[in-house]
Amino acid sequence: HNRTAATTTSDNNGHYQLLVPPNDDYLLQASLNGYFMYEQELPAIRTTERLLITPLSYNIQLTSLPLNQPIMLQDIFSQGTDIQLSPNGINTLKPTINFLRDNPQIRASISVYCDQTDDETFNNILIERRINTLQQYIHSYLPSDTQFSILNGNTTEQIEPSNTGANFIFITFSK
């Protein structure tokens with residue numbers, strides 16, 4: 001009923017117990033720093049009137065993204081010289097946004113790469129416009145105090161333009 005019914009902390013092996021009244025539905029949430037938050041609907045049903053407690057077992061496995069190693073995401077932006085995020089790019093960015101939302105202590109460094117033409121100046125202007133789009137998109141889904149930076153990967157790596165059509169970003173998470 002939109003309120004917390006019970007909370008607990010697991011032991012070192014991850015075992016936990018919650019005691020909640022039966023005949024209601026609950027939302028089980030589990031979290032740990034550096035991992036995605038886990039949520040699952042939990043029906044608490046008393047199987048027989050003779051038993052006061054009905055034990056239910058739920059195995060939870062939290063997932064994470066690697067820290068301190070770059071993750072490459074491709075085709076974040078629409079094809080060619082478009083500065084808008086592609087539908088595939090939006091789906092690809094969802095785990096990043098969720099991870100940062102679930103872990104406010106984690107910082108993300110994002111490098112945007114683009115090699116649409118053999119003109120370095122044009123590629124850099126395109127990257128700066130894409131950085132603005134990406135920054136606005138991420139800010140719209142995360143709290144204002146989320147720590148992330150977005151850089152022009154072409155200038156930080158001194159990549160020579162060669163008109164390959166490359167369109168990708170690298171994200172590195174760190175504490």
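**Entry 1: burial and overall make-up**

I looked up burial and found that 32% of the 175 residues of the protein count as buried (under 20% relative accessible area, with exposed meaning over 50% and partly exposed in between, for a 1.4 Å probe and protein chains only). I am working with a predicted model, where local features need pLDDT of at least 70, side-chain atom pairs count only at pLDDT 80 or more, and totals for chains, interfaces and linings use all residues. Residues are numbered from 1 along each chain as its sequence is written, and side-chain values use heavy atoms, with hydrogens and water left out.

Next I listed the elements: 3 helices and 6 strands. Helices (H or I, at least four residues) and strands (E, at least two) are DSSP runs, numbered from the N terminus. Read from the N terminus, the order is β-β-β-α-β-α-β-α-β.

I also checked contacts, meaning heavy atoms within 4.5 Å. Of the contacts in the protein with a separation of 6 or more, 65% come from residues 24 or more positions apart.

**Entry 2: the sheet**

I traced an open sheet of 4 strands in the order β3-β6-β4-β5, with mixed pairing; two strands pair if DSSP finds at least two bridges between them. β3 (71–74) and β5 (148–152) are at the edges with a single partner strand each, so one side of each has no neighbour in the sheet. On average, neighbouring strands here are turned by 20° against each other, direction ignored.

I then followed β4 (residues 107–115) and β6 (residues 166–174), which pair in the antiparallel sense over 9 bridges. I picked out S109, whose bridge partner in β6 is T172.

**Entry 3: helices on the sheet**

Helix α1 (residues 87–102) packs on the sheet and touches β3, β4 and β6, its direction making about 10° with that of β6. Axes are lines fitted to C-alpha atoms, for helices over the stretch in contact, and angles run from 0 to 180 degrees between N-to-C directions. Helix α2 (residues 120–141) lies across β4, β5 and β6 and runs at about 165° to β5.

**Entry 4: α1 against α2**

How far apart are the axes of α1 and α2? I found 10 Å, with a packing angle of about 50°. That makes α1 oblique to α2, since angles under 35 degrees count as roughly parallel, over 145 as roughly antiparallel, 65 to 115 as roughly perpendicular and the rest as oblique.

I noted who makes the contact: I90, L93, I97 and R101 of α1, with L134, Y137 and Y141 of α2.
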